[in-house]
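Please look over the sequence and the model below before reading on. The paragraphs that follow take up a few places in turn.

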Amino acid sequence: MEAFFRTHSYLVEHTNAPVRRVLMDEINWNDRMIGIKGTRGVGKTTFLLQYAKEKFGINDRQCLYVNMNNFYFQEKGIAEFAGEFASKGGKVLLIDQVFKQPNWSMELRKCYDNYPELKIVFTGSSVMRLKEENPELNNIVKSYNLRGFSFREFLNLMTGNRFKPYTLDEILQDHEHIIKQILPYASPQKYFMDYVHHGFYPFFLEHRNFSENLLKTMNMTTEVDILLIKQIELKYLSKIKKLFYLLAVDRSKSPNISTLAEEIHTSRATVMNYIKYLADARLINIIYPVGQGFPKKPSKIMMHNSNLMYAIYPSNADMQDLMETVFVNSMWKDHHVNQASQEHYFIIDGIKKFKICDAQSTTKNRNNPDVIYARYNTEVGKNNQIPLWLLGFLY
């Protein structure tokens, strides 16, 4: 136990979260069992350590961070360890990568039932379906998603500002006034394409090649998260990776499931399952027409964020595709996104119609008052024309 406390103190002391995440204030920290999901690379470990630093400080032994990568947990289960921690006055146990522990959900249930004074906060992959696949956690775990940086968080980091987030309704109703609160202190357009290229994943701050690091993260997501959590045999890994690549480079409006099945030598049903796993892993976003969903055929498949597009095909990234990906990724946290019948149009929450367009385009577009135009290559907006970057302030 002492070794874990020493590691905890060192990690908390040396944690430097450059941006305070919005999720820190959205979580009800009074709950006894809290699950934080997120794809690899979005900063789940840093988030846990930042919580420990804010709420407890460096040497407070009421809080302890442990990582299930530690071989110690191959012998001792979470519940046994938690009991020992609680007996020494422990109040909050932070468990990183909980899915690495066999029978982790049953172990967490034991903790909940046996140690009523102990709070557990754990992180896991976005691939995990906490309640659907683990009924023993129903009604006791509160689940949250940690996302990569929003453009607002990236801009604050780059400029030293503390711009606040806005709801979609606030932006739609008052975007001209909101922009006037931002432009005197920062030029969003100056930083926007940097965000599109490398701003979603916090590890861009590390002194390593970003694209190589992202490729490694994507491979780990497929090799570990999807295969381990979904219990897929290793021999099928190459099929999943090939499918991901084919989806990434195919810009067609609607994926041809039969063709994809032939390409990776499997069935249509398996392709649809793999697509769902890739979406759960936050590698792709599946877009359906209004009123439809899985297992129906998607109307469009997009990369989850624009950083992935540059990592997979840097010389072939199309600007319109990039901007639509940024739009969908910005909306995904709190809104439902569907494909409209027309190209480059999206339906948000079943009612709001958006079109993504280039403000510098020489093509004259008729301004439809029933459409909200999210425009890139501009810093300002007017009426139903909103700069795309401002939608990056939704969280």
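In which strand is Lys37 found? Lys37 belongs to strand S1, which covers residues 33-38. The model is a predicted one, and every value given here is computed from it. Is Lys37 buried or exposed? With a relative accessible area of 10%, Lys37 is buried, because the limit for that word is under 20%. The side chain of Lys37 reaches the backbone oxygen of Met128 at 2.7 Å. Met128 is also one of the residues that Lys37 touches, when those up to four places away in sequence are not counted. Others among them are Lys44, Gly124, Ser125, Ser126 and Leu130. The list also includes Ser143, Tyr144, Asn145 and Leu146.

Ser126 leads on to another part of the chain. Cys357 has its place in strand S10, made of residues 352-358. The relative accessible area of Cys357 is 8%, so this residue is buried. Which residues does Cys357 touch, not counting those up to four places away in sequence? They are Tyr373, Ala374, Arg375 and Tyr376.

Strand S10 comes up again in the surroundings of helix H7. The buried residues of H7 pack against S10, and also against helix H8 (188-198), helix H14 (319-331), strand S9 (345-348) and strand S12 (385-387). Which residues of H7 are buried? They are Leu168, Ile171, His175, Ile178, Ile179 and Ile182. Helix H7 runs over residues 168-182, 15 residues in total. Its end C-alpha atoms are only 17 Å apart, whereas a straight helix would reach 21 Å at 1.5 Å a residue. Where does H7 bend? The bend is at Asp174 and amounts to about 95°.

The next topic is charge. Side chains of opposite charge can pair when their charged atoms come close. How many salt bridges does the model have? The count comes to 18.

Arg61 lies in the loop between helix H3 (44-55) and strand S2 (63-67), while Glu2 is in helix H1 (residues 2-13), so the pair ties together parts that are 59 residues apart in sequence. Arg61 is partly exposed, at a relative accessible area of 39%. Glu2 likewise counts as partly exposed, at 44%.

Another salt bridge lies within a helix. The side chains of Asp280 and Lys276 meet at 3.1 Å, N to O. Both residues are in helix H12 (residues 268-280), and because they are four residues apart there, about one helical turn separates them.

Glu206 is partly exposed, with a relative accessible area of 36%. Which residues are linked in a network of salt bridges? Arg20, Asp25 and Glu54 are linked in this way.

Notes
Residues numbered from 1 in each chain as written. Predicted model: local features only at pLDDT ≥ 70, side-chain atom pairs only at ≥ 80, totals over all residues. Heavy atoms only, no water. Helix = DSSP H or I, 4+ residues; strand = E, 2+ residues; numbered from the N terminus. Buried < 20%, exposed > 50% of the residue type's maximum accessible area, 1.4 Å probe, protein only. Contact = heavy atoms within 4.5 Å. Polar contact = N/O pair within 3.5 Å; in protein donor to acceptor, adjacent residues only side chain to side chain. Salt bridge = Lys/Arg side-chain N within 4 Å of Asp/Glu carboxyl O. Expected span 1.5 Å × (residues − 1). Bend = angle between axes of the 7 residues up to and from the residue.
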